[in-house]
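Please take a moment to look over the sequence and the model shown below before reading on. The briefing that follows begins with a question and then goes through the structure topic by topic.

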Amino acid sequence: GAPFLYYGEEIGLQNGPGSGDEHKRTPMPWDATAGGGFTTGRPWYGFAPGQETANVAAQTRDSDSLLSWYRRLIRARKSSEALQKGTLKLLSPSDRDTAVLTFLRETAGERVLVVHNLGSEEGEVGPYEFGAGDLDAILVAGPATTRRTAQGWTVSLAAGATGIWRVKKN
């Protein structure tokens with residue numbers, strides 16, 4: 001399906017108090033001021049807890065923030081036709097559990113390898129034979145190692161790390 005962001009997700013905006021839909025998303029805090037950079041008056045509803053850090057200004061200044069991470073992911077997707085429109089081929093094994101999600105996205109002109117280590121320990125995947133000359137990093141977050149052997153490419157990722165590589169043709 002098409003990726004989307006639910007309002008406030010990109011800054012980790014918490015739900016407001018109450019269970020009704022109108023309580024789920026409070027005004028967007030653009031900064032940590034009393035009006036949240038949202039208004040000079042009084043907003044129709046109070047801000048969600050955590051406004052001091054869950055605001056656009058604070059997260060824009062922090063290269064390790066959730067907002068910065070979303071921006072890097074969006075840039076990576078926009079830079080690749082395969083990530084935008086490509087077919088998906090799951091490479092993670094279906095016959096056993098693994099915390100590492102691995103797949104290829106491919107169009108006629110581009111192939112991209114995506115590896116996410118969703119686990120709490122380092123993970124390794126492969127070997128995969130792509131017939132590739134090399135892997136060109138699009139986005140790597142966290143320690144990652146790619147290694148080509150006679151059997152194919154192997155990728156090692158630290159816990160929680162992500163790697164996205166363009167598979168170059170020979």
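In what order do the three strands of the open sheet lie, and is their pairing parallel or antiparallel? The order is 4-7-6, and the pairing is antiparallel. This is a predicted model, and the points below describe what was computed from it.

**Overall build**
- The protein has four helices and eight strands, and from the N terminus on the elements run α-α-α-α-β-β-β-β-β-β-β-β.
- The radius of gyration of the protein is 20 Å, well over the 15 Å that the globule rule gives for 170 residues, so the protein is more spread out than a compact globule.
- Along its principal axes, the C-alpha trace of the protein spans about 65 × 30 × 30 Å.
- Of the 170 residues, 39% count as buried, and the accessible surface comes to about 10,100 Å², with 51% of this surface belonging to carbon and sulfur atoms.

- Strand 4 and strand 7 (residues 152-157) run antiparallel and are joined by four bridges, and the bridge partner of Gly-123 in strand 7 is Leu-157.
- Strand 4 is also the place of Pro-127, and the peptide bond from Gly-126 to Pro-127 is cis, with omega near 5 degrees.
- For comparison, most peptide bonds are trans.

**Strand 3 and its partners**
- Strand 2 and strand 3 pair in the antiparallel sense over eight bridges, and a hairpin joins these two strands through two residues.
- Leu-104 stands opposite Leu-113 in strand 3.
- Strand 3 and strand 8 also run antiparallel, joined by five bridges, and here Val-114 stands opposite Ile-164 in strand 8.
- Seven of the eight residues of strand 3 are buried, so this strand is largely enclosed by the rest of the structure.

**Nonpolar cores**
- The largest nonpolar core has 15 residues, and those that touch the most other members are Leu-113, Val-115, Phe-130, Leu-135, Val-155 and Trp-165.
- Strand 2 (100-107), strand 3 (110-117), strand 4, strand 7 and strand 8 (162-169) each supply at least two residues of this core, and the largest share, three residues, comes from strand 7.
- A second, separate core of eight residues includes Ala-76, Ala-82, Phe-103 and Leu-139.
- Leaving aside its neighbours within four places in sequence, Phe-130 is in contact with Leu-91, Leu-104, Arg-111, Leu-113, Leu-135, Trp-153 and Val-167.

**A residue in a helix**
- Where does Ser-68 lie? Ser-68 lies in helix 3, which covers residues 66-78.
- Is Ser-68 buried or exposed? Ser-68 counts as buried because its relative accessibility is 10%, and the cut-off for buried is under 20%.
- Leaving aside its neighbours within four places in sequence, Ser-68 is in contact with Gln-59, Asp-62 and Ser-63.

Definitions and conventions:
Residues are numbered from 1 along each chain as its sequence is written. This is a predicted model: local features need pLDDT of at least 70, side-chain atom pairs count only at pLDDT 80 or more; totals for chains, interfaces and linings use all residues. Side-chain values use heavy atoms; hydrogens and water are left out. Two strands pair if DSSP finds at least two bridges between them. A nonpolar core is a set of buried Ala, Val, Leu, Ile, Met, Phe, Trp, Tyr and Cys residues joined through side-chain atoms within 4.5 Å. Buried means under 20% relative accessible area, exposed over 50%, partly exposed in between (1.4 Å probe, protein chains only). Contact means heavy atoms within 4.5 Å. The radius of gyration is taken over C-alpha atoms; the globule rule is 2.2 Å times the number of residues to the power 0.38. Accessible areas come from the Shrake-Rupley method with a 1.4 Å probe; for residues, only the protein chains shown count as cover.
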